Amino acid sequence: MRILIADAFPEEHRNRLAAAHDCDYAPDTTAEQLPAELSGYDSLVVRSTRVTAQALDSADALRLVIRAGSGTNTIDTDAASRLGIRVCNVPGRNAIAVAELACALLLAIDRDIADNVADLRAGRWDKKRHSQARGIFGRDVGVVGLGQVGLAFAERAAAFGTRVHAVAKPGRDRQTLERAQDIGITFVDDLPALARTCDVLSLHVPATDTTRRLVDRDLLAQVRPGTIILNTARGDLIDEDALIEAMETKGVRAGIDVFADEPTTGTGTFTSRLAAHPNVCGTHHIGASTEQAQQAVAAETVRVIEEYAAGTVLHCVNPQPPREFAPSLPANERS
């Protein structure tokens with residue numbers, strides 16, 4: 001197979017792919033450059049690079065796109081389905097890293113870490129102001145979404161001595177329910193009830209038509225004054241104007257790793273009312289950027305490619321057209 005890796009990818013896993021396939025590494029490829037780069041490639045591996053319909057239409061041999069992570073909102077999966085291109089992700093492998101960052105943001109907000117550091121670097125000593133923390137122990141934490149990341153965060157939040165809550169949802173698998181029971185999660189009927197119950201709401205759901213702007217004015221009207229909102233999932237989950245209003249009127253604070261209009265490149269300029277607000281402790285979409293997470297994601301990405309080459313498709317997220325209309329199928333997938 002000819003493989004293009006268009007984002008940063010650990011060397012040892014690149015070498016593993018290169019031992020069996022024709023593998024090119026172009027980690028600085030932008031979304032605008034991608035359409036001109038895909039000719040002749042069977043497979044594409046991306047992390048943050050956006051894969052547009054234009055890019056997919058320009059590819060003459062592409063059969064597989066792998067998002068080296070869990071979310072696939074940066075890939076036009078509808079266009080991929082139309083072209084018979086499979087889009088696969090790598091779910092759950094970065095869960096620990098994202099959960100760790102959510103905990104870090106929670107502690108940073110409670111202990112005013114960012115402003116502590118800023119004052120010390122500016123030569124200001126203000127123990128009186130920075131001593132006003134409430135503490136995490138004994139607080140009520142709501143986890144929105146009990147996938148791998150949500151459960152990993154819930155486990156760590158419980159270890160701090162918090163009471164963890166989530167929304168009851170029919171059809172959850174037995175393994176999830178058993179983990180929730182082990183953690184001690186208490187279930188409530190719906191999201192507004194969770195908002196009324198908790199001092200902290202941590203978001204761990206994908207961006208879909210039903211979750212976009214999940215945190216809106218109606219939900220924020222339900223939260224307690226001083227509630228902490230954590231978002232290490234997707235920027236689209238929050239109505240940013242509504243959150244700013246809640247911060248101004250109810251003292252809501254937020255730990256935010258993802259923003260609605262954040263840059264898609266590694267560096268650049270970024271102007272955001274939400275990121276600049278004094279009630280926000282923000283980071284640069286780094287939730288999955290630990291070495292441990294990247295090694296785990298890369299290993300699973302390699303496994304997806306190896307299994308695909310052997311005739312098995314793992315973690316496919318987009319529906320495929322009837323086989324007779326799918327172009328360029330490998331021999332082991334032809335009927």
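This is a predicted model: local features need pLDDT of at least 70, side-chain atom pairs count only at pLDDT 80 or more; totals for chains, interfaces and linings use all residues.
You can find Ile183 in helix α8, which covers residues 174-183.

Which residues does Ile183 touch, leaving aside those up to four places away in sequence? They are Leu151, Ala154, Glu155 and Ala158. Take Ala158 as an example: 25 residues separate Ala158 from Ile183 along the sequence, yet their C-alpha atoms are 6.8 Å apart in space.

## Where α4 meets α7

Now look at two other helices, α4 (residues 95-110) and α7 (residues 148-159). Their axes come within 8 Å of each other and cross at roughly 50 degrees. That angle is why α4 is described as oblique to α7. The crossing of α4 past α7 is right-handed.

Which residues make this contact? From α4 come Ala95, Ile96, Val98, Ala99, Glu100, Ala102 and Cys103. From α7 come Gln148, Val149, Ala152, Phe153 and Arg156. Sorted by class, the contact has 9 nonpolar residues, 1 polar residue and 2 charged residues.

## Ser202, a buried strand residue

Ser202 belongs to strand β9, which spans residues 200-203. Is Ser202 buried or exposed? Its relative accessibility is 0%, so Ser202 counts as buried.

Ser202 touches both Ala102 and Phe153, along with Gly142, Val143, Val144 and Leu230, when residues up to four places away in sequence are not counted. The Ser202 side chain also has a polar partner: it makes a polar contact with the side chain of His204, at 2.7 Å.

## His277, in a loop

Our last stop is a loop residue. His277 lies between α12 (273-276) and β12 (280-282). What is the relative accessible area of His277? The value is 10%, so His277 is buried.

A polar atom of the His277 side chain lies 3.0 Å from the backbone nitrogen of Asn279. Setting aside residues up to four places away in sequence, His277 touches Ile244, Met247 and Glu248.

## Looking back

Ile183 is in helix α8, Ser202 is in strand β9, and His277 is in a loop.

Methods: Residues are numbered from 1 along each chain as its sequence is written. Side-chain values use heavy atoms; hydrogens and water are left out. Helices (H or I, at least four residues) and strands (E, at least two) are DSSP runs, numbered from the N terminus. Buried means under 20% relative accessible area, exposed over 50%, partly exposed in between (1.4 Å probe, protein chains only). A polar contact is a pair of N or O atoms within 3.5 Å; within protein, one must be able to donate a hydrogen and the other to accept it, and residues adjacent in sequence count only if both atoms are side-chain atoms. Contact means heavy atoms within 4.5 Å. Axes are lines fitted to C-alpha atoms, for helices over the stretch in contact, and angles run from 0 to 180 degrees between N-to-C directions. Angles under 35 degrees count as roughly parallel, over 145 as roughly antiparallel, 65 to 115 as roughly perpendicular and the rest as oblique. A crossing is left-handed if the near helix is turned anticlockwise from the far one by less than a right angle, and right-handed if clockwise. Ala, Val, Leu, Ile, Met, Phe, Trp, Tyr, Cys and Pro count as nonpolar, Asp, Glu, Lys and Arg as charged, and the others, Gly among them, as polar.
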